[in-house]
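Work through the exercises below with the sequence and the 3D structure at hand. Each task is followed by a solution in steps.

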Amino acid sequence: MTTALDIESARQVLAAQPFANLVGTEITAFGNGRATLVIPIRDELGQQFGFVHGGVLSYAADNALTFAAGTILGPTVLTGGFTVTYLRPAAGERLVAEAVVTGWTRSQAVVNCEIYADNGDGDPVLCAVAQGTARIAVHAHAS
């Protein structure tokens, strides 16, 4: 497998995403069909019971899936679709979304993602799993 971007280039792509900046997303691993995103947990990302909102978990899966696919397909990839299953509520210091490409063609990749809540004690809790596809954008352009 070849990485179409290096981690610094991937960080520039992430920094260009206004929503990623809003939630404070960082990319900590990138290459060879894998990507890891980290999101600091703060009150603004919560729902009414004090847990991280499911939309934030979905966003983490969406972006991690697409970044992992980008290591195989190149920089102009878009999410084709994904499903997410919430296993338990997310709380702690940070979310960690780890995505791995499980198969690909010239134009699309299938990716699995696990999302953990880490409370800093070294024993992250699996909160959600997702599977999705990403594909090369036919007409990628800025709007």
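**Exercise 1. Count the helices and strands of the protein chain, and give their order.**

Step 1. The protein chain has three helices and six strands. Helices (H or I, at least four residues) and strands (E, at least two) are DSSP runs, numbered from the N terminus.

Step 2. Read from the N terminus, the order of elements is α-α-β-β-α-β-β-β-β.

Step 3. Note the basis of these values. Residues are numbered from 1 along each chain as its sequence is written, and side-chain values use heavy atoms, with hydrogens and water left out. The model is predicted: local features need pLDDT of at least 70, side-chain atom pairs count only at pLDDT 80 or more, and totals for chains, interfaces and linings use all residues.

**Exercise 2. Compare the radius of gyration of the protein chain with that of a compact globule.**

Step 1. The radius of gyration is taken over C-alpha atoms, and the globule rule is 2.2 Å times the number of residues to the power 0.38.

Step 2. For 143 residues the rule gives a value near 15 Å; the protein chain has 14 Å, so the two agree.

Step 3. Along the principal axes, the C-alpha atoms fill a box of roughly 40 × 30 × 25 Å.

Step 4. Of the 143 residues, 38% are buried. Buried means under 20% relative accessible area, exposed over 50%, and partly exposed in between (1.4 Å probe, protein chains only).

Step 5. Now take contacts (heavy atoms within 4.5 Å). Among those between residues at least 6 apart in sequence, 61% join residues at least 24 apart.

**Exercise 3. Describe helix H3: its span, its surroundings and what follows it.**

Step 1. Helix H3 covers residues 54-73, which is 20 residues. The expected span of a helix is 1.5 Å times one less than its number of residues.

Step 2. From its first C-alpha to its last, H3 reaches 28 Å, close to the 28 Å expected.

Step 3. H3 is largely enclosed by the rest of the structure, because 17 of its 20 residues are buried.

Step 4. Ser-58 is found in H3. This residue counts as buried because its relative accessibility is 15%.

Step 5. Leaving aside residues up to four places away in sequence, Ser-58 touches Phe-82, Val-84 and Tyr-86.

Step 6. After H3 comes Gly-74, with a positive phi near 105 degrees.

**Exercise 4. Trace how strand S4 pairs with S2 and S5.**

Step 1. Two strands pair if DSSP finds at least two bridges between them.

Step 2. Strand S2 (residues 34-40) and strand S4 (residues 94-104) run antiparallel and are joined by seven bridges. Here Val-38 stands opposite Val-96 in S4.

Step 3. S4 also pairs with strand S5 (residues 108-118), in the antiparallel sense, over ten bridges. The bridge partner of Val-100 in S5 is Asn-112.

Step 4. Three residues lie between S4 and S5, which form a hairpin.

**Exercise 5. Find the salt bridges and say how exposed their residues are.**

Step 1. A salt bridge is a side-chain nitrogen of Lys or Arg within 4 Å of a carboxyl oxygen of Asp or Glu. Searching the whole structure finds three.

Step 2. Glu-8 and Arg-11 form one of them, at 2.8 Å from N to O. Both lie in helix H1 (residues 7-15), three residues apart, about one turn of the helix. An α-helix has 3.6 residues a turn, so residues three or four places apart point the same way. Glu-8 is partly exposed because its relative accessibility is 45%, and Arg-11 is partly exposed at 34%.

Step 3. Glu-44 and Arg-42 meet in a salt bridge at 3.3 Å, N to O. Glu-44 counts as exposed at 61% relative accessibility, while Arg-42 is partly exposed at 33%.

Step 4. Asp-118 forms a salt bridge with Arg-94, with the closest N and O atoms 3.1 Å apart. This pair links distant parts of the chain, Asp-118 being in S5 and Arg-94 in S4, 24 residues apart. Asp-118 is buried, with a relative accessible area of 10%, whereas Arg-94 is partly exposed at 34%.
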